[in-house]
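Hi,

Here is the structure we talked about.

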Amino acid sequence: MTSFNEFVIRFANVNGSGSASANGMFAKAVFRMGIPVTTRNIFPSNIQGLPTWFEVRASAREYFGRRDKVDIMVAMNAETYKEDVNRLESGGYLIYDSTRGRPRELYRDDVHEIGIPITKLILAEFSDPKQRQLFKNIVYVGALSALLNMEFDVLTSMVASQYRGKDKLIQPNIHALELGRNYALKYLPCPMDIQVTRVDLVGDRILVDGNEAAALGAIYGGATLCAWYPITPSTSVADAYEKHASRLRVDSETKKKNFAIIQAEDELSAIGMVIGAGWNGARAFTATSGPGISLMNEFLGLAYFAEVPAVVFDVQRAGPSTGMPTRTQQSDILSVAFASHGDTKHPILLPATPKECFDFAADAFDLAERIQSPVIVMTDLELGMNQTLSEPFQWDDAREYDRGKVLNFEDLEQIERYGRYVDVDGDGIGYRTLPGTHPTKGSFFTRGSSRNEWAVYTEDAQSYIHNMDRLNKKWETIRSLMPASEVEHRNGRAGIIYYGTTTTPMNESLSLLDENGIALNSLRIRSYPFGPEVADFIDAHEKIFLVEQNRDAQMKSLISFDLGIDPKKIVSILYYGGFSISADYIVEEVTEHYVVNKLPRLREVES
Amino acid sequence: MTFVPKPKARHPLLKTNEIGLTRRDYEAIVSTLCAGCGHDSVSAAVIQACHELSIPPHQFAKVSGIGCSSKTPSYFLGNAHGFNSVHGRMPSIATGAYLANKELKYIGISGDGDSASIGLGQFAHIIRRKVDMCYIVDNNGTYGLTKGQFSATNDMGSTSKRGVPNLYAPIDLVSLAIQLGASFVARSFSGDKQQLIPLIKAAVLHKGFAFIDVISPCVMFNNHEGSTKSYSHVRNHTEPVVDANLIMPRDEIAVEYEEGTTISVPMHDGSKLQLRKLSDSYEPNDRVSALTYVQKAQEEGEIVTGLLFLEEDAVDCHDILGTSDTPFNGLAQENLCPGAEKLVQINESLR
Ligand SMILES: Cc1ncc(C[n+]2csc(CCOP(=O)(O)OP(=O)(O)O)c2C)c(N)n1
Ligand code: SF4
Ligand SMILES: [Mg+2]
């Protein structure tokens, strides 16, 4: 039986062999035929030589989570060949380079084996060693176009636009595509039972990764300084900021830049620059991952206590320590929420899609200046580094930046006595002044040590407590400003809570569970501190599952800390292997909970 | 006893500067440091220098790390904003602040612990980045605030208050600054305001990174016999090389005709820095010979003070980065936000 527009294909390559652009081209071609897609890069912490995989999931149903098994495997790496063959679904397709044959013992008789003499085809047509290497990848893309029955001109027009200006490269690339395609059409059973056919399910959506989206959000949000230190998987935030700002933020006449990017000497310095700029009235951010957050702790506490705006993107990877630097996890939740010593706490934004990365990035700058405190946008490698289908970015030109409470010269003229930390409005947020505003009014000393409302150093217990309590009052103001969770009802008596990239497989998980008779209402957390809907949701259900991609159920701790909820009420579903959590895993864990505890399936109870 | 008397008591008649402000307008709350602490003399010199420069106090921004020295920005320029940050990280705060607004004058105060130990990395990198500021280290060879541990600038063999000798070779911040590309490098002594005040004035006006290492004795923990950062030791082992004398534009001519031993260096604001060469062989414009000179003297147990290195027409980090003339913190939303139409194009490029 032929299936259309519903498959997972995995490309197994060697790192540094130039496969990324060919594989990306394949994904984009499927997307351009109107099929929803997501991509997943599984790569080692290494520049050249180690295995790397690229996965494309095409899904008309918009099931984008990782699947353990794949339908099509393009096995180009001898070293991982066995593992790759084993990963195929029964009935799947194995595509391999048949130039040199392959070991007998690795045959599987429940899959279709499609050998293409890729090396041989290339050797006959190209003499440049570099091209020979690169075009192997293009050849299998060409072959796939025939095998999957794709529109060939979608691919050729992509080559033409990709190499516009470097016209010499267009013809050889197209030739390599044709080599693969023609071979497949002539010698292979084309098309296969898995096919791509043009539909219009994509609409106006875009294909982009979360890091690029966040960088664009920072540009739209008015960030003028990006200070950073390279670390996977956050580096491409800074790269994308530089790339886009170099086009969008340069004065057309003077050629001068309305932005600066500084590669700092370490993360301490990066966050210090962000805080220095924030103190001085410019919007600034840094992008980092877990190890960088650890280094930024002292400064984040300073910014919390001295009340200086700052925006941090934490693109999480698998810890502890260096952990698995190229694998994904949600394991920085607690270290970010409480980053620094003393009673410090920080608000967190938790986007789940590239569109949300853009929105939350832009919002973070408004929020940070409004609340005069660091705001941390937490994504992860899965969202940050993989291109996925997303709603298009949007900007309302009527939107005005919220620069928060900052007094200018005229304001200061009106004021009898200025006090930086006086809670004039009762929301726990005082008024800032920027250096250089007024000759005699409004200056104050910013410090991480205790001070009274007038910013005068003090170790007086009452003043200290007063200040700490005001910061807690501000925390409640912050709570009211955070984006609310998304709640969906499916007539369930149990609920499931999740956040960030656990969103990706969730629609599939919930459908599968529903088919198994387990209906779950769902709540997607989008920020911390939590809004009242989180407590309401937990209260309204007999049973709550909380799905996280870390070992220690960090969000569960945070919920019980912030809302005073008994953690016993929450059943944790935890995945921390470093790949993104799959729908199958969630389904198995939830189902098992029902089986082990001999609980009636809720649907059965209802009927 | 305070070594350099607090001028507040000394100057009952307060003279106004060119913009009609008295010295008092450049002062701030009273220092809480130990009486006689060298750091207070440095603060007094900063006050005097800024007053003489006739720059409005609120046009300065003061930044510091943590330590007795880093507390001192509270004690000068009360009408300027200050930021007492975390230990050893003032350079990054200064860099961010300067990137946000290049129109203010930045004065950074740090300690030898702050800059030569915990913050050595940031100290090195702010020099590389050429942040336009006056960076002063109140160098007392000890951790004053944590009660007298040796710092990394302490000379080998120099003893602690309890007579224990320091076993490790010192880090010389002046040599480092010259080597790493600072465009203005000076050393002075907190007790020598004749030398220190003109140096601070010149450092404030200098475009680029200006560093002054000020030996500033800690009367509590490092002013005893055997300490090489004590008042008496510094007094007896100082060799001034270049006297800096800042001449404001209006009295430029009168001084330019002085004897041949003087070189006149134009500052970026049109004023001139007048350097009197005390040592004939000394050449403040050559990085290599400046470094050699400083290190030779060090070997002979001499502390060279004065303006040790100066690079005219220095670039600063905004020049390097090619940033807008308008300070970042003054850019309007229309200069920052590319708008909806551009986003439509960006979306299109992602399809
Ligand atoms: C991260 C951190 N570690 C340690 C300290 C404790 N501490 C405060 S001041 C100081 C040393 C200051 O020495 P220096 O910079 O030379 O300043 P001084 O007091 O001598 O002027 C230390 C170690 C701190 N504040 N922060
Ligand atoms: S302990 Fe030393 S450095 Fe600190 S205030 Fe006293 S004299 Fe100055
Ligand atoms: Mg010291």
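Chain B and chain A bury about 5,000 Å² between them (the accessible area, 1.4 Å probe, that two parts lose on being put together, summed over both), and carbon and sulfur atoms give 61% of that area. H81(B), L350(B) and R351(B) supply 15% of what chain B buries against chain A, more than any other three residues. The contact (heavy atoms within 4.5 Å) takes in 67 residues from chain A and 54 residues from chain B.

Before you read on: this is a predicted model, where local features need pLDDT of at least 70 and side-chain atom pairs count only at pLDDT 80 or more, while totals for chains, interfaces and linings use all residues. Residues are numbered from 1 along each chain as its sequence is written, chains are lettered from A and ligands numbered from 1 in the order written, and side-chain values use heavy atoms, with hydrogens and water left out.

Now chain A by itself. With 607 residues, a compact globule would have a radius of gyration near 25 Å, and chain A agrees with its 27 Å (taken over C-alpha atoms; the rule is 2.2 Å times the number of residues to the power 0.38). Its C-alpha trace spans about 90 × 70 × 40 Å along the principal axes. Of the 607 residues, 61% count as buried (under 20% relative accessible area, 1.4 Å probe, protein chains only). Among contacts in chain A with a separation of 6 or more, 75% come from residues 24 or more positions apart.

Cheers

Conventions
Buried means under 20% relative accessible area, exposed over 50%, partly exposed in between (1.4 Å probe, protein chains only).
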